[in-house]
Structures are given as structure tokens and as C-alpha cells.
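Q: I have not worked with this protein before. Could we go through it together, beginning with the overall picture?
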Amino acid sequence: MGRWDYLYDLQPRAALDVLLDEAAKAFAEDLQQWPPPLEGIEPAGAARTLNVLQGPRPHRLAFDQAFALARLDLAHEYEAIDRWQDDGWRSAQLNEGERDAAIFLWRYLTERLFDLNESLQSKMKRRDLVELVDRIERRFLAPSLFV
């Protein structure tokens, strides 16, 4: 068996799959910083957002909820988002500061996803963006990152 024979067994990857992997890696790296890079983004809700950005890195639960909210947003599940904002954050065991962090992170993620889609002029479908959220979450929330 030759040195490069294994290459014949590799499956070709679709361009979208490569794009999603690379974008997930970049997003996860951005989220590992606190606060994440904000160039080109206008944080909404100035006082609450300022508290979130100046505070410590949010708890893992806030990130979990942000990823869930991003999926709901991409699926146009606005009633579910409203229920979460009314009282669901409490049942998710978040305090008010963590709720604000989850909301900021959700908006940050979705805004950055739409910016990516627009800048690439790829017109990725929403299901592709949801898949990207899943990949970001898997990369970012690896057990070794949160102790």
C-alpha cells in the first residue's frame, strides 16, 4: 500500500459543508473571546447590553439559551421566543443578568449569520443557517471550554 492510497477512500465534501465548518470555527473563536468582536454591529438596548459587555463572561446556560433562541428565530418561531422572553428564561434557570446575556448573544449570532450570508452572496437557506448554529454550538460548547 502506497503512502497516498488513503486519499482514494476519502469522500469529496460539498462546498457548503466546507463553508459551514469554516464559518463554525470562526464563530466559535469569536465567542471564546469576551466580549466577542463587535465591528459592524450596533448593540441594541444600550444599558443592558453595556452591562453584559462589561461584565464577566456569561454562564454556559446563557450560551445554551442563545443558541436555542437563534434556532427559534431562524425557524420563525416568534411566539416561542415571546414566551421565553416573558417567563421561559426563569424556567431555564437564568437570572436577569444571564437572561440579558442570552438575548445579546442570540441577537449577536443571528445578526452575524445574516451578515455572513449577505457578504458571501450565497443565499444559504435557513436550514443551512440552523445547521451552522448547530456546528457553532458543538465547537463552542465542547466540555473542555467550561469547567
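Q: What share of the residues of the protein count as buried?
A: The model is a predicted one. Of its 147 residues, 39% count as buried.

Q: And how much accessible surface does the protein have?
A: The accessible surface comes to about 9,200 Å². Carbon and sulfur atoms contribute 51% of that area.

Q: How many helices and strands are there?
A: The secondary structure consists of six helices and zero strands. Along the sequence, the pattern therefore reads α-α-α-α-α-α.

Q: What percentage of the contacts with a separation of 6 or more comes from residues 24 or more positions apart?
A: Such residues account for 73% of those contacts in the protein.

Q: Now to one helix pair. How is the packing of two helices described in general?
A: The description uses the angle between the two axes and the distance between them.

Q: At what angle do helix 5 and helix 6 cross, then?
A: Helix 5 covers residues 96–120 and helix 6 covers residues 126–140. Their axes come within 11 Å and cross at roughly 125 degrees.

Note on methods:
Residues are numbered from 1 along each chain as its sequence is written. This is a predicted model: local features need pLDDT of at least 70, side-chain atom pairs count only at pLDDT 80 or more; totals for chains, interfaces and linings use all residues. Side-chain values use heavy atoms; hydrogens and water are left out. Axes are lines fitted to C-alpha atoms, for helices over the stretch in contact, and angles run from 0 to 180 degrees between N-to-C directions. Helices (H or I, at least four residues) and strands (E, at least two) are DSSP runs, numbered from the N terminus. Buried means under 20% relative accessible area, exposed over 50%, partly exposed in between (1.4 Å probe, protein chains only). Contact means heavy atoms within 4.5 Å. Accessible areas come from the Shrake-Rupley method with a 1.4 Å probe; for residues, only the protein chains shown count as cover.
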